[in-house]
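Please read the points alongside the sequence and coordinates.

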Amino acid sequence: MKIKTLVAQLPLAVAVAAASTGVSAESLTVVSWGGAYTESQVEAYHKPYTAETGTKIISENYSGGVAEIKAQVEAGNVTWDVIDLEKADVIRACDEGLLVEIDPADLPDGDDGASAVDDFVPGGLEDCGVANIVWAKIVAYDESQFSGNKPSKMVDFFNTKDFPGKRGLKKTPKVNLERALIADGVPGGKVYEVLSTPEGVDRAFAKLEEIKEQVVWWEAGSQPVQLLADGEVSMTTAYNGRIYNAAAVEGKPFTIIWDHQFAELDFFGIVKGTKKLDESMKFLKYATDTKRLADQTNYISYAPARKSSIALVTDKMMPHMATAPENFGNAVPVDHAWWADNQDELNERFNAWLNK
Amino acid sequence: MSTSVPTADNMQVNDPQLKGKLKKAERFLKIRALLLVAPLVLFVLFTFVFPLTEMLYRSIHNPILVDNMPQAAALIREWGQVELPGEDIFSEVGKALVIAREQKTIGRIGNRLNSEHSGMRSLTTKSARKLGKYTGDDYKTYMLGLDKRWGEMETWSAFKVLSSEYTMTHYLAAFDMQYNAKGEIVPQPEDRQIYIDMLLKTLKLSLMVTVFCVILGYPLAYLLSVLPSSKSNLLMILVLLPFWTSLLVRTSAWIVMLQSKGVVNSLLLYLGIISEPLDMMYNQIGTVVAMTHILLPFLILPTYSVMKSISPVYMHAARSLGATPAHAFIKVYFPQSLPGLSAGAILVFILSIGYYITPALVGGRTGQMISNLIAYHMQTSLNWGLGAALAGSLLIVVLVLYGIYNRLVGASQLKLG
Amino acid sequence: MSLPVHADALERFTYYGVRFFCALVLLFLIVPILIIMPLSFNAEPFFTFTEGMLKLDAEAYSLRWYQNIWDSQEWRLSIKNSLIIGSCATVLAMTLGTVAALGLSQRHMPFKGAIMGLLISPMIVPLIISAASMYFFFTKVNLAQTYLGVIMAHAVLGIPFVIITVTATLVGFDENLTKASASLGANPRYTFFKVTFPLIRPGVISGALFAFATSFDEVVVVLFIAGTEQRTIPREMWSGMREQLSPTILAVATLLIVFSTLLLLTVELLRRRSDRIRGVVE
């Protein structure tokens, strides 16, 4: 009987499999967001680091948030060493005591001799994180879905009459409320002031309500690209690097609207309780030095977070960076401190609004 | 099936000595049976029941202030919520914030307070930084000068809610209620009410899924039960194959079928039945269709096994006594098949109100269910207390239904294939 | 039941109506599952049949998505994990469950209903609640993010199935057989392995297959308590489906369908065998 042999062979198979899953001591687990972004990091940081030090880098993906880090730290079973986080998550995780504090004095100087504190872009050094890239939350559209008039302003996202088609939006109030207010006529610089009043919040939700029925909500960074590619939406909010990759590498007819982009930073942090603290620190310093940050721009259009690296970006890549002067014109900085205070209430209201 | 077996109770035993021996033997058998079950029961208690209880405890347990600023928490508990607290509370809270900053617990305290009242995070972290340098002893004046929010009742009410080790605040939130600044229970502002709606929607969708399963499953179960076994066995495979196929496989199958450029839309467009793709995915339609598909075998199998045991004699009798086929079916056949049908329907209903994966993947904005909100609070907002309170409420609904199910059919009567 | 010769129009209508309706239901059940199989051989990264596929043009078909699975370290690890976790959880659930079922089916078992209710409850409690509970508790006792933790969690979820199938086999089990064995001088262990077990074996094995399938398909608990080293096939599918629904998912799905068909056929064979052994007449 076949079952019998199957059952008889199971323990053996298990033993063999278990033996081969052992992770070598000379390795470091680096966690990031997956897709084109992780690939750029593998090329720019992981491979050269392994070549120089012999330490193998295991690349893991996650989709943001601090829940998984919290679970590991509280379990005392930390398997992630270095992690790539959004600013809001760096602040939150640091608050909760989940990340190792990093002294900026330990970081290498820029190639031009500037100290790390001077070399990183403003806001690029958090208590528990070192910025690696500047990216942007932008609006992108599929050229092939607009035969005549093409959208050119962020406001056009809310104009479904002149620019028909479904819209992709991230399932979160953050930045969406800001966009709605700007589309409703609030100047970029006044957004948080207006949002701090109950009327301002109502106004933002009212604007979102106008397009609610046309929206496909996404959660992970690779989804909006997929939504555009599948023709599920004609326009979507997205991260600039992912759209660049779809357009430049895969030849998709996607265009970024830089108008009213929301510039953001990503950070490397080290999970508290890692068994490889020294190695993690070594990798973090290596990956955020002038040369590595500059090199990463060859693989994805995210700008380096060091001023000394910006000087090394090629002319070919420069126009695709969020920080290029022609793209940065009316960029809106996200106010993370404001969000830390208001996210509980606004998330609740947003969820309730979604459900209605 | 049980034949009557002699036991101490049902046998007319007059010999007291024999009676004692029998009792002893019986006790031995009882203990032996218990010992056989014990390892599994202990295992289930450890890996399942105990964690469940502990998680539910989180819905009322509220130790953050009691653990991190005990003196201040004790004073705030006594505060009447009528007027601003006095200097004693101000100075205790002020000192506690400074200590919390040194011990790096200020972020956690601030985040927890912030979920009761927006802005508390920045208020506490900023004030703690400045209070660290304060050397005077008039904390009240100093803190009121630092930030006007220290003079607001809402600020202190947030402290008050968190000052006791046990709280109802999460259960209130789970039913769209809250404490106001005076400590009274009031409804949440309308634009933040969601959980009752969500619970009702979950019940509505589950009911729809159950009804669809009954409509689709009952005739099929009937047909399977009356066909000759050579045919029914073959058709049964078609029912069982989906049952054995991975949930995620079936969910992705429905995405392939129903998305706007999916198989169904392409076919309908090709045939010229529609001119615009229909929205069948990422909404309630997607959730209900996929869940009906996934849960249908759970209705068919128990219904089928009951129908299989219904003798055709009754129907023949009813017909020969002059009943119309419809009449005979309604009066004679249907009541006999009801135990199987109700068992299946309740099982489908129980399983669907706890569904998470399918709504998360195909539900879009409108097809989300209560489980998705629980997951959101457990994984994203990290408001574990609220997540636990929602879980507790859902669990009560499920257990009540399970109780009914158990009463109706008995847990041991579950049939699987 | 066949259509009587003297059936009137209404009866005829009902007879064929029911059959037609059932055919539709069966199509509803099976078509979605079958349709992803050819699509997994799509040469293009789409989920619709391309013109080439409809014309059966060989160029329109490819094995590239299967190649993707094979080339991907993550998928290979997940397949290995699913097999390890599934088989260990099955062995655990099967051992504990079979022994308990033997106890439960004895006449003298006290609190039978309550214990049965308790043991079936992991199947009834919404998975999200079980998963969150285990996440907190396993974190505290250092079982989170370990193979053992996931195995224990999956074993608990599989236990209801083992209990249900094994107790079902034990209904109608003739206790006189074990008594006869004992009276002929066999010790209890010998009796179990030589008399009891062969009779309940089909139930035990199909219970085990159910438990294995449960673990093999489970994703919610894995989402909460597994670390990246314990990622299973459904966990990879979950992130694939949430992030980028590539036809690789369909290729994995196809492999899983083939696998579940094999499981199903095994269970069916066993069930019939068991019925035959126990003398249940079809």
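1. Helix 11 (residues 229-244) of chain B and helix 1 of chain C have axes that come within 9 Å and cross at roughly 55°. Axes are lines fitted to C-alpha atoms, for helices over the stretch in contact, with angles from 0 to 180 degrees between N-to-C directions. Helices here are DSSP runs (H or I, at least four residues), numbered from the N terminus.

2. The two helices, helix 11 of chain B and helix 1 of chain C, are therefore oblique to each other; oblique covers what is left after under 35 degrees (roughly parallel), over 145 (roughly antiparallel) and 65 to 115 (roughly perpendicular).

3. This is a predicted model: local features need pLDDT of at least 70 and side-chain atom pairs pLDDT 80 or more, while totals for chains, interfaces and linings use all residues. Residues are numbered from 1 along each chain as written, with chains lettered from A and ligands numbered from 1 in written order.

4. In helix 11 of chain B, L235(B), L238(B), V239(B), L241(B) and P242(B) meet L26(C), L29(C), I30(C) and I33(C) of helix 1 of chain C. Contact requires C-beta atoms, placed from the backbone, to lie within 7 Å. By class, this helix contact has 9 nonpolar, no polar and no charged residues (nonpolar: Ala, Val, Leu, Ile, Met, Phe, Trp, Tyr, Cys and Pro; charged: Asp, Glu, Lys and Arg; polar: the others, Gly among them).

5. The contact as a whole takes 83 residues from chain C and 74 residues from chain B. Helix 1 of chain C supplies the largest share of the chain C side, 16 residues. That side divides into 62 nonpolar, 14 polar and 7 charged residues.

Key:
Two residues are in contact if their C-beta atoms, placed from the backbone, lie within 7 Å.
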